[in-house]
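Dear colleague,

I am handing over the structure below, together with some notes for a reader who has not seen it before. Please keep it open while you read on.

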Amino acid sequence: MLELRNITKRFPGVIANDRACLTVGAGEVHAILGENGAGKSTLMRILYGAYQPDEGAVLIDGEARQLTSQRQAIACGIGMIHQEFMLVQPMTVVENVILGLDGDIGLRLDEAAQRISALSDHHGLGIDPHARVADLPVGVQQRVEILKLLFRDARILVLDEPTAILTPQEAASLLDTLRKLALQGRAIIIVTHKLNEVMAVADRVTIMRDGQTVRSIDPAQSNEGELARLMVGRPVGRTVVRPKIQPGARILSVNGLRVLGATGGEAVCGVDLTVREGEIVGIAGVEGNGQSQLVEAITGLRRSSGGSVMMDGRNVTHATPLEHARRGLVYVPADRRYVGSIAALGIDDNAMLGRQEDFTRGWGLFRDRRRIRRHAQELVERFDVKTPHIRFPAGKLSGGNLQKVIMGREILRDPRLLVVEQPTRGLDIGAIEYMWSQLLAVRGQGKGVLLVSAELNEIRSLADRILVIHRGRFLGELTPEDADDELLGLMMAGMAAKPGTGPMPDRPRN
Ligand SMILES: Nc1ncnc2c1ncn2[C@@H]1O[C@H](COP(=O)(O)OP(=O)(O)OP(=O)(O)O)[C@@H](O)[C@H]1O
């Protein structure tokens with residue numbers, strides 16, 4: 001159904017794709033695996049018409065096609081689901097699905113709604129065409145994205161890290177849906193860093209390294225260890241040892257914190273938490289349950305509407321981010337592109353963001369270029385950032401490499417309290433292993449870490465205590481030993497509370 005033949009794509013100083021080849025048949029789920037910066041996103045962008053290759057060809061049903069826009073890719077039956085959904089939240093499902101379509105279908109909402117219902121029933125997606133997208137859990141929103149593509153008769157579906165923000169139950173159900181879509185004769189391509197998913201769902205996996213497609217194999221003939229080795233070039237495991245540490249003094253204590261959301265309702269409904277020296281406290285939850293507002297209020301980026309935040313015994317409820325930074329609180333936001341970095345600036349300038357005064361000379365009047373360069377160089381080397389040079393614009397780094405820059409920047413600041421959201425999202429397994437060891441090293445130095453993550457394996461491996469957040473409330477505190485995937489997943493979906501922690505919350509709508 002699809003063939004990418006000897007695709008080469010160059011950017012100044014980088015060969016992102018180097019004679020890459022990929023063949024995907026009807027009925028096949030094909031996984032693309034590769035280290036950060038290996039060229040996966042670039043290859044997929046070529047497939048859906050966002051980039052044109054310098055050399056090589058895209059063949060669909062054996063015919064060479066020029067894909068010069070996303071619209072053209074869709075017309076050829078290729079649909080893409082990005083990690084960040086492209087849905088308009090206040091609009092209904094049907095409005096979202098028909099948005100951007102040519103012709104007068106947009107005027108015939110009822111007809112579109114009927115077709116959506118029929119498609120949803122046929123594929124077991126369970127979607128109400130009249131539901132408002134903002135009211136749907138993320139797992140269902142993702143199914144709306146799939147439905148949008150099915151509505152446009154997509155035969156080749158490309159999904160970028162599709163399970164990154166799903167609960168284990170939602171992830172399992174998505175993989176099941178993908179299998180079914182393939183069985184109906186579609187071709188499904190998933191770009192993923194999760195080897196267990198590759199093993200569970202893929203018929204074939206293509207491994208990319210340095211822009212080249214180095215191997216295409218049947219995962220059933222392989223195992224996770226071999227895939228990791230093929231991808232990273234050395235054996236890796238995602239296990240780390242969390243040595244026992246007696247926690248010390250209380251660094252952070254949050255009492256009854258309340259934060260308003262964008263629509264005026266409460267995003268955080270009076271939560272308590274503490275982080276002590278030598279402790280990693282994990283907040284597990286599906287994105288959009290108040291965790292971002294909570295950490296933004298703790299770090300001074302958002303005003304709280306009630307409650308208090310104390311750091312090292314001082315009331316810092318209304319401190320500014322700069323005041324927090326001076327007390328040693330640093331923050332890594334989930335949104336690395338728009339909040340965590342400045343796209344047009346080089347890695348060197350991004351590496352000193354927030355502490356520019358430390359990199360000056362001549363009574364603070366001039367920037368100390370040599371120190372800036374040395375610092376960026378250390379960051380790039382220590383965190384293995386793949387880049388042609390340190391002045392390379394952050395916005396042009398691959399997702400995983402940008403994540404390394406931001407995490408590295410904050411860890412090198414030697415924080416007293418590190419607040420991190422989704423620290424390893426988009427990182428390959430080699431980089432995850434390293435980042436986890438760095439977070440444990442921060443803990444080992446007697447610092448505190450507040451870790452917000454949707455990755456259960458990450459939370460369980462790193463956290464000394466786990467709080468599960470749902471709709472702005474903590475549903476209970478677990479130890480990593482208590483927290484199995486099943487219980488955590490149900491709690492994250494709001495369908496279970498830790499026994500003995502009070503009433504069950506409302507069941508989500510879907
Ligand atoms: N617009 C661009 N300009 C310059 N270089 C780019 C551009 N887009 C990507 N690159 C470079 O191409 C290489 C491959 O990047 P790509 O995003 O395809 O990697 P990836 O495998 O998707 O990585 P990740 O797993 O980190 O998302 C990287 O070195 C990246 O810096």
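How many residues of domain 1 are in contact with residues of domain 2? In this predicted model, 19 residues of domain 1 are in contact with 19 residues of domain 2. On the side of domain 1 that touches domain 2, the elements giving two or more residues are helix H5 (138-151), helix H6 (168-183) and helix H8 (224-232), and of these H8 gives the most, with 3 residues. That side of domain 1 divides into 11 nonpolar, 5 polar and 3 charged residues. As for the bounds, the domain assignment of the protein chain places domain 1 at 2-232 and domain 2 at 237-328 + 415-510, and their C-alpha centres lie 31 Å apart.

Turning to the ligand, 19 residues surround it, and the closest are Phe11, Ala16, Ser41, Ser398 and Gly400. Strand S2 (14-24), helix H1 (40-47) and helix H13 (399-412) each supply at least two residues of this shell, whose residues divide into 5 nonpolar, 11 polar and 3 charged.

There is also an open sheet of 4 strands, with antiparallel pairing and the order S12-S11-S14-S15. Its edge strands, each pairing on one side only, are S12 (266-276) and S15 (314-315). Strand S11 (residues 250-260) pairs with S12 in the antiparallel sense over 8 bridges, and arginine 250 stands opposite arginine 276 in S12. Helix H9 (residues 291-298) lies across S11, S12 and strand S14 (306-311), and runs at about 120° to S11.

With best wishes

Definitions and conventions: Residues are numbered from 1 along each chain as its sequence is written. This is a predicted model: local features need pLDDT of at least 70, side-chain atom pairs count only at pLDDT 80 or more; totals for chains, interfaces and linings use all residues. Two strands pair if DSSP finds at least two bridges between them. Two residues are in contact if their C-beta atoms, placed from the backbone, lie within 7 Å. Axes are lines fitted to C-alpha atoms, for helices over the stretch in contact, and angles run from 0 to 180 degrees between N-to-C directions. A residue is near a molecule or strand if its C-beta atom, placed from the backbone, lies within 6 Å of it. Ala, Val, Leu, Ile, Met, Phe, Trp, Tyr, Cys and Pro count as nonpolar, Asp, Glu, Lys and Arg as charged, and the others, Gly among them, as polar. Domain bounds come from an automatic or database domain assignment.
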